[in-house]
Amino acid sequence: MCLEGGCGACVVTLKGVHPVTKEKTTWAVNSCLQNIYSCHGLDIITVEGIGSKKNGMHQVQKRLANFNGTQCGYCSPGMVMNMYSLLESKNGKVTMEEVENSFGGNICRCTGYRPILDAFKSLASDADETLLNLCKDIEDLDGTKTCPKTGTPCIGSCSAIGKVDPKHSLKLTFEDDREWHKIYNLTELFKVMGTIGYRPYQLVAGNPAHGVYRRSADLKVFIDISSVEELRGFKVNDNTLEIGGNVTLTEAMEIFTKVANEKKGFESLKEFVTHIDLIANVPVRNNGTIAGNLALKYANLSFPSDVFVVLEAVGAKIVLFSGAQKQDEHNPLAPSDFLNVSMRRKVIGKIIFPSLSSSFVFRSYKIMPRAQNAHSYVNAAFLLQFNEEKTFIKSASICFGGIDDFFDHAEKLEKFLIGKDIYLNEVLQNACEVLEKEIKPDSDPSISSPEFRKHLAISLFYKFVLNTSPSDKVKSEFKLGGETLKREISSGQQQIDVNEGKSKLYKRIPKVEADIQCTGEAQYVNDIPKFENELHAAFVLGDKVNGRIKSIDASEALNISGVVAFYAAKDIPGLNNFMPLRFKMFNLKIEEVFCRDKLLYHGQPVGIVLAETFDLAYKARKFIKIDYSFDHDDEPIYPTIREVMKAKADDRLFDVPEYYLKASEYGNDKQHKISGHFEIPSTQYHYSMETQQCLVVPSEDDCLDVYSSAQWSDTNQISIAEVLNIPVSNVNTYVRRLGGAFGGKISRQGQIACAAALGSYLTKKPVRLIMSMEDNMRAIGKRFSSMSDYVAEVDNLGKIQTLKHHYIHDQGCSPNEVVQFNTSVYIGNCYNIKSWDVTTQSALTHSASNTWMRAPGTTDAIAMTEHVMEHIARVVGRDPIDVRMENLEDGSEFKTMIPTFINDVKYRERKAAIDKFNLKNRWVKRGIAVSPMKYFIAYFGSMHGIVSIYHGDGSVALSTGGVEMGQGLNTKVMQVASHVLGIPFEKISIKPSNSLNNANDIGSVASVTSEVACYIVKKCCEILMERMKPFKDENPEASWEEIVENAFLKNTDLSATYMYKQEEMETYYVYGLSCAEVEVDLLTGNILLKRVDILEDTGESMSPGIDIGQIEGGFVMGLGIWLTENLIYDPKTAELLTDRSWNYKPPGAKDIPIDFRIKLVQKKPNPCFVLRSKAVGEPPVTMGVVVSFAIRHAIDSARKDNGCEDLWYVLSPPISPEKIILAAGLNIKDFKLN
């Protein structure tokens, strides 16, 4: 998906012989980074290779499926193979800690990770008993598969391991004058280097560097040195450890651990292991080498290399080899000197680590946006040598990364420290002042502010001093500041009512697709086999905002062999618009498939290029030249709502008066007037693991068969017909499943489908358009950002007497899809709004037109209101819960729910304990908060379904217009069909939706599609049961199959259809409460989400396992808004700077709550829905805001300690380490020991 090793969806297993130990080894790699030619002599094992439904599933696959560890399933094969590789590499013996630490590189947008981790931890040697109990119903499968050649159990006889002669190198030559060499010793390496002349070349080991900086297209020679024995070993004596440059980071961790435990003087290597564990992720560390990391720093000084910083600080030396005799005139080199040496025809041979006596103290740190798999804001390593009595410093090495391209040593601080006792307050204070003057970070808006990075560097030095100081010299309140936050192994609790009846309905069962998702057999758009003469399409994106397109020259691209065509706006035979204006509620203005004139945002598609391969299409578009003209040289650019408001660009704002709320009465007890500002300045990227994708195939009847990752096929069908000026009936759409969507594939998919359809229509060939992650992020809209201002007048208890609230949404470049219709309904949440006046506007910015995203308009609506409640509580001096209780609407469910909930979670006791903790600790704080959620559920449009019974064996097939995208729709409709028809689950199958059976259907939106589809299937099944009733009555003892056959013989229609209409359904509310407890390290800004409790009203849950997964996944998606996800635009060009997995960070497996507790409201059926359940997909997203209030509670304590005024302060998401440190009001003058 990401094509850079950042998401884990493509993880596979490699097996081979280690070049030094000669032992067979197993490791996980990201296939997107693994050079296929580097696999010479290795076995490659994919998810299909360890098990299948037909031949038997591996235990890893089965555990993940049965623990409800899949939703959309797109990440599941990568998850499976990462765990399989871990088990194989450890001979089946792993601990829960190892499991939990191994998934930092595997992103799941759906599940919230908890069930995935539980599934795999159940395979650990120290698995918790509660996890083992969940495995009792899983049959004992060994994953044995049958060899397709012999029909006998596979014993790996087809293995390539050991069949490659290391005495013979490999050379491959290609038509474009490129070469690939696989070599096995240094003699061969330098022989090859001597033949390549001045052609650009690259040494290849694991290739993870391509995931950071894209490989140059000019390279001509690739030399694979991953199997060179001289570069993969290690040697240790009393004074040094020598380790080969090509030792992988994973191997280095093992070597360092072994040496640290066995050899005196190398204890500091344990610190190295801890630091390396924070580099990238397991598959990257499995392939990435020490030399590769250093080479990346060598080629790109801005790269924040952790290896470089640690090696430089500890005084390690780099030895270069420039010939088979391993000699180089520069040896040995300090890492900082290595950066200045020519590396032409040289290789990093080894790194020498010195032993350190007990007089040395070493620590290293890495602070990053999330717990794992992220590059650092700042990294640091400190080495001090003391005199024998440890009263003064003899030498100092103070190193930082992330300051600027050239900063490595804090030389002035190093000089200052010599001869001084750093464990004296005065010396420490002076040292911090020296460091403050010395460090001058550069400006990089895509990372963090210079102010923050300077403060962080000083804070890390202070943390180091606290950590290494004699205990008796440190004030007790300061001691925790010297520690790093320690995350325990996570766990979860789920409290539900279980139906004990025979029916599958209302029971916790695995998803019906779980098995095939875990075996890799589930088919998504890009899994559809290639068609003959198929072409690949890639968008050509504009990059000059406000520029008018004068001309587009594609001639150079079209001259490339294999490039077939380029199409732009002028080639569209119909209407250049993918947002049909007939949908008047959402679509107010044309949105062009390809920009025809003025470019509205950076990344707007201006055309597509068609080529024979995916890579060629993306390569060719770089040669297409766009000439622009500008109406004004200085026309302003507004990438976000902040720039609009700062410039007071009123022409970019428009009122939305139909969604104003007007007070009906005001209170008179106005004791306090409170005004404030709130914003969610950064939108959120959908991050569906399957990007926007579409395959269009011309058919024999002049129609187009469209296979798209669409939530709403009807709009796609209409858009394509209008763009091509053909009948709508000539567009056949098919959707089986989506690899995640979250609203991003409702309307935006139309642009992708129209572009692919245009290419197919004009070339008369199949066209496959698979968007890269970067293109998806640049070209497609995201969640609406917002900001609001409010003035409230309240009484002494905090009850609102009047509230004036004005909010603005960032529409992006188009006024389409205004979400105020949602916000206006939800902004009241659970409160009495009779005295509220709410007005709203929308802002047009120079970004992609924002669009629906899980809980659109509702997430910020509830957040705005809960923010106001927190502010009021601060002013009137009451607990926020009590203020909320004062403002509840009459007859509110929460008048009983809140007291019960806070008692169940022991909120008041925990808050008292937290306040006590905060009084005793200066640099680590805790916080706790509770937030309510009232979520309105409404229905839209109409939808069809069909259920067919086959008389041959009584099996049943069904299809609805609902799209399965991870929410468990297919499972629930099968549960309903099984329940109503009274037949086994196994007799029922689901068929894909299409534009014939599901013509004119509403999209799968707003969390209600599962309910609607279940309602449709229930109606269809009831019709069928009524038709077959006479045959059942005739022979009550007859089997299902006999009844079906008898009905068939009487010409009974065994297919039933039904069309749901929104008028048939009643609206209702979902109620929820969340409680979050956090721990905050004020010196780093890092947090631990210690515990989260969620209570949600799901009615009588039809499938509790699925609903719990939706709640956990939705909440964790909400965490992304409040903690880690940040879209940053260049203010001058409006270019999106965070457009990759490298710099855009959704929550990972170790960012979720350590203690994650979900409780479904017990025994409360929903009377408004015939099956008594409630929608569940979107409401939990809105509860993520509770974490921001818990963090604020922690920061409030810090601000009090730091002498800040007791005033309300803005704390906008994402609440990053930077925002925490700056909000806490830390002052380096307070950095003392006692």
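Ile 36 counts as exposed because its relative accessibility is 57%, where exposed means over 50% relative accessible area, buried under 20%, and partly exposed in between, with a 1.4 Å probe and protein chains only. The model is predicted: local features need pLDDT of at least 70, side-chain atom pairs count only at pLDDT 80 or more, and totals for chains, interfaces and linings use all residues. Residues are numbered from 1 along each chain as its sequence is written, and side-chain values use heavy atoms, leaving out hydrogens and water.

Ile 36 lies in the loop between strand S2 (24-30) and strand S3 (43-45). Strands (E, at least two residues) and helices (H or I, at least four) are DSSP runs, numbered from the N terminus.

Now turn to helix H26, residues 894-904. Its buried residues include Phe 894, Met 897, Ile 898, Phe 901 and Ile 902. They sit on the same side of H26, because they cover an arc of only 115° around the axis; the arc is that of the directions from the helix axis to the C-beta atoms. An α-helix has 3.6 residues a turn, so residues three or four places apart point the same way. Thr 896 and Asn 903, on the other side of H26, are exposed. After H26 comes Lys 906, with a positive phi near 55°.

A further loop, between helix H17 (555-558) and strand S18 (563-568), holds Ser 561. Ser 561 is exposed, as its relative accessible area is 69%. Ser 561 and Glu 612 are 51 residues apart in sequence, and their C-alpha atoms are 9.1 Å apart in space.
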